[in-house]
Amino acid sequence: MKTELVLELPNDIRTIGHAVDYVMERCTACCEHARKLDLNFRVGLTEALSNAMLYGNAEDPAKRVRIEVVVAGSEITARITDEGTGFDPDNVPDPTTPANVVKTGGRGIFLMRSLLDEVRFNEQGNSVTLVLRLEQSDSPGEVEGGAQA
Amino acid sequence: MAFQVTKENDVTVVAVEGQLIVGNRQELKQKVLEELENGERKFVVDFDQTGYIDSSGLGVLVSLSKKIREQGGELRLASLNEDLRTLFELTKLDTLFKISDSRAEALKGL
């Protein structure tokens with residue numbers, strides 16, 4: 001079974017919680033309940049939307065963020081695209097070093113890469129694709145980290 | 001989602017209901033800083049009713065902890081479920097905060 005969902009959000013961080021809840025509701029309806037979905041995908045999607053609105057679109061209220069979600073079997077793919085000029089995802093400091101762990105920011109992309117099975121940026125750097133694979137063993141009681149950065 | 005502020009003797013306890021994310025982090029920051037300006041120095045943030053935290057939520061906790069320490073106070077975290085603990089462990093923020101299993105434990109010795 002393949003389910004597709006497309007949302008366009010105004011560039012307003014107050015919409016993120018509601019949008020994530022809606023996407024999660026649709027994904028949960030398609031997949032068996034799994035903690036990997038509840039935590040990893042929820043946090044990853046929140047981070048991607050937050051980055052898109054705050055940094056990609058630079059908090060410009062005239063801009064928008066597009067979410068495209070495909071659920072195909074046990075694989076969930078979400079693409080989040082902003083209207084900004086993009087950035088270099090390979091030039092992001094490790095937030096877990098002693099010098100960086102005390103900083104207030106810089107954990108978003110790290111969390112995405114830690115929690116999702118795949119995180120891919122387009123060449124421009126204004127669109128990120130998150131992939132989560134749910135296995136039969138992803139029953140409540142298990143939390144998994146995905147591929148590390 | 002909401003933040004419930006209560007007092008346990010001389011400790012200010014803030015319960016996070018729902019989620020602590022980019023959309024509501026400033027509300028938590030404002031509430032805690034108001035208490036700090038009013039002279040409160042001991043804080044516990046209770047996550048017993050919290051679904052999830054994003055990086056902005058983690059960031060505001062780091063910021064508040066720093067501001068409270070600068071005033072000679074202390075911020076402790078309590079009642080993180082397994083998922084939330086995972087986020088603190090992944091980001092190594094478990095090394096930065098005193099994390100207690102329950103509100104009662106966090107209040108002990110504070």
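Partly exposed means a relative accessible area between the buried limit, under 20%, and the exposed limit, over 50%. The model shown in these views is predicted.

**View 1. Salt bridge between B:R76 and B:E74 in the predicted model.** The N and O atoms of the two side chains lie 2.8 Å apart. B:E74 has a relative accessible area of 31% and is therefore partly exposed. B:R76, with a relative accessible area of 7%, is buried.

**View 2. Salt bridge between B:D10 and B:K42.** The N to O distance is 3.0 Å. The pair joins distant parts of chain B, the two residues being 32 residues apart. B:D10 sits in the loop between strand 1 (2-8) and strand 2 (11-20), while B:K42 belongs to strand 3 (residues 42-46). B:D10 is partly exposed at 41% relative accessibility, and B:K42 is partly exposed with a relative accessible area of 27%.

**View 3. Salt bridge between A:E8 and A:R66.** The closest N and O atoms of this pair are 3.4 Å apart. Relative accessibility is 42% for A:E8, which counts as partly exposed. A:R66 also counts as partly exposed, at 32%.

**View 4. Salt-bridge network in chain A.** The network links A:E8, A:R64, A:R66, A:E68 and A:R79. Over all chains, the count of salt bridges comes to 17.

Definitions and conventions: Residues are numbered from 1 along each chain as its sequence is written. Chains are lettered from A and ligands numbered from 1 in the order in which they are written. This is a predicted model: local features need pLDDT of at least 70, side-chain atom pairs count only at pLDDT 80 or more; totals for chains, interfaces and linings use all residues. Side-chain values use heavy atoms; hydrogens and water are left out. A salt bridge is a side-chain nitrogen of Lys or Arg within 4 Å of a carboxyl oxygen of Asp or Glu. Buried means under 20% relative accessible area, exposed over 50%, partly exposed in between (1.4 Å probe, protein chains only). Helices (H or I, at least four residues) and strands (E, at least two) are DSSP runs, numbered from the N terminus.
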